Amino acid sequence: MSWFKKILGKESKEKLDEGLEKSKTSLFDKISRAVVGKSKVDDEVLDDLEEVLISSDVGVETTVKIIRRIEERVERDKYVSTSELDVILREEIAGLLSENNIENTNGFTIPKKNVPYVIMVVGVNGVGKTTTIGKLASQFKSQGLKVVLGAADTFRAAAVDQLVIWSERAGVPIVKQAMGSDPASVAFDTIQSAVAQNADVVLIDTAGRLHNKVNLMNELTKIKRVMQKVIPDAPHEVLLVLDGSTGQNAFEQAKQFTQATEVSALAVTKLDGTAKGGVVIGISDQFKIPVKYIGVGEGINDLQAFDKMEFVDSFFKRTK
């Protein structure tokens, strides 16, 4: 690894540590209160720990798995000190995520066999979908890739305007139509334009309405079908953007969208402004869909490729 890459890697990890500060401070405060006056991990401590994890938005199913693993460890080791709880939690959560057989993704690289590589981005309004697209465009372009954006969220003028601003900021072209246009038509034009320009990556924004799942499903299916008239296997990736600060609501959104379309990757945003970072652990465990990106700040470079082991390390790193 080059010196430059080491520096970038160190800065990225420091930003991750900083971005999860609220989440881990909240978690450690809760753990400290749960074990106060107790020297060993027993049933009472485990009951309290279960409440701590659920209240930290890890999710009920994932929490039950973690508690079961710690129970087995306590039974095997006979005596486990409460002072070891941080380390044990880190090890068992890391083990759980490793056993899910979901490898870390390649982040901001694309498969060479699919050019242009088409990413359809989905998610409800307000989760940071358009911002995530802009940051992705910037990251891809910084690697020398040619990027084209498609403004297929034609129901909100603000969505198109915001994507135009991001296209200018990232220095990449955008395809858009008039407000209220058929989203599938925008997607079709975007794919055609990308092929004509020999683009490497296409990012298609879509409307984020969940009030009628049937309409959402039909719309996303139509967009896919129209794109496939130009590129038969498009989209190559369906990226669902979730707002980490909404905690359990992010679980519900993931459930709704995975039922509406074939989601292949996740991006969890706004982790720096919330104490609900545990939601990433639960979502990564429960949906068996790789968390590909996490947002840990407002800056254009604060969208990071998700590494589950680095995330767990940062989540359980006490501030000195």
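Okay everyone, this is a quick tour of a few spots in one protein chain.

What we have is a predicted model, where local features need pLDDT of at least 70, side-chain atom pairs count only at pLDDT 80 or more, and totals for chains, interfaces and linings use all residues. Residues are numbered from 1 along the chain as its sequence is written, and side-chain values use heavy atoms, leaving out hydrogens and water.

So how confident is the predictor? The chain's mean pLDDT, the per-residue confidence from 0 to 100, is 87, and 93% of its residues reach 70 or more. Over residues 1-8, though, pLDDT is below 50.

Most residues other than glycine have a negative phi, and most peptide bonds are trans. Here, the bond from Val115 to Pro116 is cis, with omega near 0 degrees. Another cis bond runs from Ala234 to Pro235, with omega near -5 degrees.

Next, which phi does Asp57 have, positive or negative? Positive, about 65 degrees, although Asp57 is not a glycine. Asp57 counts as buried because its relative accessibility is 6%; buried means under 20% relative accessible area, exposed over 50%, and partly exposed in between, using a 1.4 Å probe and protein chains only.

Lys270 also has a positive phi, near 60 degrees. With a relative accessible area of 35%, Lys270 is partly exposed.

Last stop: Ile54, at 35% relative accessibility, counts as partly exposed too.

That's my tour, thanks!

How values were computed:
pLDDT is the predictor's confidence in each residue, from 0 to 100. Contact means heavy atoms within 4.5 Å.
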